[in-house]
Amino acid sequence: MGLLDASFSKHNVVVTSVDNVLNWARLSSLWPMGFGLACCAIEMMATNASNYDLERFGIFPRSSPRQSDLMIVAGTVTMKMAERVVRLYEQMPEPRYVLSMGSCSNCGGPYWEHGYHVLKGVDRVIPVDVYVPGCPPRPESLIGGLMKIQELIRMEQIGLSRTDALKKLAAKSVDPQQAIERERRAVRA
Ligand code: SF4
């Protein structure tokens, strides 16, 4: 904070856009819901513990979906649990984000072929923003996924819905940053 204190100690003015301020606040205070489904959740808990210290990113687990803006789906989503996952997702306020952690949640994992009781990807029931591969992914991978969510938030803009931006990105399959910039120009025009 020393440098910042020196820069802002006098009467200064900061000029920026409302988008930048809102995005900065959102990405610096991501609150994931504290819930896990299977072994991947152990890695998620380890990531929250002192060795990796997610609070330095402003990431701080909450015990209620109503106070959370990020759902980390960590583990095997069984058919029975899928209904509960959807209910929790629906209880989260907008803007909300979903990170799918590990092969089970991404595509069914080791239960892909014979797991009659397992959903073959949580994206069949809720929209997923970022997928983290692995069985289980290491804490570093989860942190990488969380930083991707932060990147996504940084690109958001009032008037451009995240769903629309993501759909266009998927359809065009080009550099995401370029596509978002193009959309921003179109909205401004
Ligand atoms: S992806 Fe692997 S580690 Fe994660 S919940 Fe499935 S079986 Fe467990």
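**Close-up views of a predicted model**

**View 1. The residues around the ligand.** In this predicted model, the ligand is surrounded by Ala38, Cys39, Cys40, Gly75, Thr76, Ser103, Cys104, Pro110, Gly134, Cys135 and Pro136. Sorted by class, this shell holds seven nonpolar and four polar residues, while no charged residue takes part in the shell.

**View 2. Strand E2 and its parallel neighbours.** Strand E2, which spans residues 97-101, is mostly covered, with five of its five residues buried. The side chains of Tyr97, Leu99 and Met101 point one way from E2, whereas Val98 and Ser100 point the other way, and all are buried. Strand E1 (residues 70-74) runs parallel to E2 and is joined to E2 by five bridges, and within this pairing Ile72 stands opposite Leu99. Between E1 and E2 the chain passes through helix H4 (residues 79-91), and this β-α-β crossover is right-handed. E2 also pairs in the parallel sense with strand E3 (residues 130-132), here over three bridges, and Tyr131 in E3 is the bridge partner of Ser100.

**View 3. The surroundings of Ser68.** Ser68 lies in the loop between helix H3 (40-48) and E1. Because its relative accessibility is 1%, and buried means under 20%, Ser68 counts as buried. A polar atom of the Ser68 side chain lies 2.7 Å from the backbone oxygen of Ser64. When residues up to four places away in sequence are not counted, Ser68 touches Trp31, Pro32, Met33, Arg62, Met92 and Pro93.

**View 4. Gln150 in helix H6.** Gln150 lies in helix H6, which covers residues 139-154. With a relative accessible area of 9%, Gln150 is buried, and its side chain reaches the backbone oxygen of Leu27 at 2.8 Å. Leu27 is also one of the residues that Gln150 touches, together with Leu30 and Phe57, when residues up to four places away in sequence are not counted.

**View 5. Backbone details in two loops.** In the loop between H4 and E2, where Pro95 is found, a cis peptide bond joins Glu94 and Pro95, and the omega angle of this bond is about -5°. Asp53, by contrast, has its place in the loop between H3 and E1, and the phi angle of Asp53 is near 50°, a positive value in a residue other than glycine.

**View 6. The chain as a whole, for orientation.** The chain contains eight helices and three strands, and from the N terminus on these elements run α-α-α-β-α-β-α-β-α-α-α. Of the 189 residues of the chain, 40% count as buried. Among the contacts in the chain with a separation of 6 or more, 75% are accounted for by residues 24 or more positions apart.

Definitions and conventions: Residues are numbered from 1 along each chain as its sequence is written. This is a predicted model: local features need pLDDT of at least 70, side-chain atom pairs count only at pLDDT 80 or more; totals for chains, interfaces and linings use all residues. Side-chain values use heavy atoms; hydrogens and water are left out. A residue is near a molecule or strand if one of its heavy atoms lies within 4 Å of it. Ala, Val, Leu, Ile, Met, Phe, Trp, Tyr, Cys and Pro count as nonpolar, Asp, Glu, Lys and Arg as charged, and the others, Gly among them, as polar. Buried means under 20% relative accessible area, exposed over 50%, partly exposed in between (1.4 Å probe, protein chains only). Helices (H or I, at least four residues) and strands (E, at least two) are DSSP runs, numbered from the N terminus. Two strands pair if DSSP finds at least two bridges between them. A crossover is right-handed if, with the strands pointing away from the viewer, the path from the first strand over the helix to the second runs clockwise. A polar contact is a pair of N or O atoms within 3.5 Å; within protein, one must be able to donate a hydrogen and the other to accept it, and residues adjacent in sequence count only if both atoms are side-chain atoms. Contact means heavy atoms within 4.5 Å.
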